[in-house]
Amino acid sequence: MLTMNKAQNVVAAPVNAVPAAAVPGDAERIAPDTVGDVTARNAVICVRGGNVFYGDKHALINVSLDVGRNEVIALIGPSGCGKSTFLRCLNRMNDTIESARVSGDFRLDGEDMYAKGTDVVMLRARVGMVFQKPNPFPKSIYENVAYGARIHGLAANRAELDDIVYGSLERAGLVDEVKDRLDDPGTGLSGGQQQRLCIARTIAVNPEVILMDEPCSALDPIATARIEDLIDELSEKYAIAIVTHSMQQAARVSSRTAYFHLGRIIEVGSTDKIFTNPSHKLTEDYVTGRFG
Amino acid sequence: MTADDDRAGRQLSPEETRRRVDASLRRRYRREWLFRFYGLFSVCLGVVFLLFLFGTIIAKGYSAFRQGFVQLEIHFDADVIDPEGAQDADALSIADYSLLVKSALRELVPEGASRAERRELNQLVSAGAVFSLREAVMANPQILGQTQSLWLPLNSEVDLWMKAQASGKGNADVANRLSEQQLVWLERLQADDRIELRFNKAFFTNGDSREPELAGIWGATKGSFFMLLVTLLLSFPLGVAAAIYLEEFARRSWWVDVVEVNINNLAAVPSIVFGLLGLAVFINFFGLPRSAPLVGGLVLTLMTLPVVIIASRAAIKAVPPSVREAALGIGASQMQMVFHHVLPLAMPGMLTGAIIGMARALGESAPLLMIGMVAFIVDVPSGPLSPSTALPVQIYLWADSPERGFVARTSAAIMVLLAFLLVMNATAVWLRSRFERRW
């Protein structure tokens, strides 16, 4: 756990004039650098003045953004703009990178994620993550899904664990394909199935927020369509933040969109507005395909 | 005409391009052929040397697996062995069995009348024959008073003579060591089928001995076993724990760098230095017994530890980060991530490293010389604290012995050692293929 404590030391660094208030007032509805409304109704995650440094590199500059319950927010932007970095801040996966330093106010349900007393294990149980490359454990399909529930002690007995595994596979739309071979290795599935297995593994822990880091970039169009349908269904229960390189995907699955550029959030707004009537020149250039 | 036009004009024609490519291609193929030839040549050279090495060892050593025996009609005379009729173990174990051998020999070759001739006759049979008789009596005291036909080991010189005879080339040098009279007797015994070469069980079951025909590797093998046991039990857990700590938990700092550099340096320290260290620390400071496999194991642990740590760290490093992220992303603690996901995937690499380190430890002799495992020890060790020697040291001791019977035994012991190493390395390969999992 040594690597995880480091970020806490820098939390106290001065944060750009944003008080650590749980409920932002009118004055903070619009962050200084950002066009549009960064707040969400019924926010579950609330970020104000977030900064990330990798060594000397300032990867994320003073970003503020909310993630609301039951909404899908898409994070778009050109490569290296900080959207994945931002996503990884939301469940402190950046802690594993030794040179990374995080400062700013990151709140989950009003609690400071980077406060000294925060248990990072608990945080990650509440904020699950699906990665770019499908990464099932080299274990059986059943074990893959059961693992999270098991380490968090969610099931009192085998029957409950079975229920969790079947329920999660069902919600991930995978149960019909794998129910007869739960003991086969998870790595033997196709890429799309592996990614859905990873989603099932994540929702087995019953998180409040699911972070998805380009979940479809390694998949073919049919598998991508299935994942997108799945995201749609999951949004009824979970808050989802998805990083994507595909603007079509962002338009299809999300209700809000944040456009990142060189470590800043340039514009936040409803997906319709960002794609049809962006306010900022950079956003317009990006969504119309002029660069990126 | 401008310079640019000039340049454009000098562009190669398609024919010229093909010609040049063709020329360069031929050069490339020649280089490739040469490189392949060098590679093949070095591989062949290595194989030739290896075959030569194995060939000489086997050619010299195979004869040690057989030993000359003579069939004697032994009369277990109760008056000689147990004159008081007590039949207790103490009396039986100190009885003079050589008398039985001598009288049996005299019956076989009655004409050996003079004292000198009788001595020559008695010299044909190994001094160790009495042990076989004692064993037979101790195992079954009812044998007293009976006459039994037994195969008893011959003296090493006779054994060599028989092997020279068997190989077809009458070795004059060997024959010169035996007197005319002895050769006559031996030829008679041979004609009667009384002497023959049989499987040399003693070589595998005995401890060391001054008599080549009685010397065996069991003592050294057991010593090596206890030593490797200590080494494995200490170096594997310690090495793996150190590797996990350094790789997964330690923060980058100058202290970790220092530790890392020192581990790498330790792996390159000559092994005899570890022997000196063991002598100074374990024997002189902690007062552990000399010549004990425990101390040998401790010294070899020091020697093997860096190898295990380096191999384990490499194995841990090879676990893809996606597996770690998956575990952490679902809320596993650092500890759970390491023990549930990283370790199982790194285990084959760790085991391979450990076994290769153990194989190196098994073949090590220099540090053992420093801690007294080079002593002449006849008894087979009963535990890690009883004095013992080790296989490579036994080879060294025999190679140093003047008796010619040890020449073949040295090579045979090398064959046994090589067989152990081969088995260990094969186990490493098997473990790797058995437990290696794809991701």
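1. Which strand do four bridges join to E3(A), and do the two run parallel or antiparallel? In this predicted model, the partner is strand E9 of chain A, residues 256-261, and the two strands run parallel. Within this pairing, A:Ala74 stands opposite A:Thr257 of E9(A).

2. Strand E3 of chain A, residues 72-76, is also joined by four bridges to strand E8 of chain A, residues 239-243, and this pair too is parallel. Along E8(A), the bridge partner of A:Val72 is A:Ile240, while A:Leu75 stands opposite A:Val243.

3. These pairings belong to an open sheet of six strands in chain A, whose order is E6-E7-E8-E3-E9-E10 and whose pairing is mixed. The edges are formed by strand E6 (127-130) and strand E10 (264-270) of chain A, each of which pairs on one side only. From one strand to the next, the twist averages 20 degrees. Helix H7 of chain A, residues 191-203, packs on the sheet, where it touches E6 and strand E7 (209-213) of chain A, and its direction makes about 170 degrees with that of E6(A).

4. The largest nonpolar core comprises 151 residues, of which A:Leu75, A:Val209, A:Ile240, A:Ala241 and A:Ile242 touch the most other members. If neighbours within four places in sequence are left aside, A:Val209 is in contact with A:Val44, A:Ile45, A:Val67, A:Arg126, A:Val127, A:Tyr238, A:Ala239 and A:Ala241. Another core lies apart from the largest one and has 27 residues, including B:Leu72, B:Val101, B:Ala129 and B:Leu154.

5. Two packed helices are described by the angle between their axes and the distance between the axes. Helix H12 (residues 218-249) and helix H15 (residues 293-317) of chain B pack at an angle of about 35 degrees, with their axes 6 Å apart, and the crossing of H12(B) and H15(B) is right-handed. The residues of the contact of H12(B) with H15(B) divide into 20 nonpolar, nine polar and four charged.

Conventions
Residues are numbered from 1 along each chain as its sequence is written. Chains are lettered from A and ligands numbered from 1 in the order in which they are written. This is a predicted model: local features need pLDDT of at least 70, side-chain atom pairs count only at pLDDT 80 or more; totals for chains, interfaces and linings use all residues. Two strands pair if DSSP finds at least two bridges between them. Axes are lines fitted to C-alpha atoms, for helices over the stretch in contact, and angles run from 0 to 180 degrees between N-to-C directions. Two residues are in contact if their C-beta atoms, placed from the backbone, lie within 7 Å. A nonpolar core is a set of buried Ala, Val, Leu, Ile, Met, Phe, Trp, Tyr and Cys residues joined through C-beta atoms within 7 Å. A residue is buried if 20 or more other C-beta atoms lie within 10 Å of its own, exposed if 12 or fewer, and partly exposed in between; C-beta atoms are placed from the backbone. A crossing is left-handed if the near helix is turned anticlockwise from the far one by less than a right angle, and right-handed if clockwise. Ala, Val, Leu, Ile, Met, Phe, Trp, Tyr, Cys and Pro count as nonpolar, Asp, Glu, Lys and Arg as charged, and the others, Gly among them, as polar.
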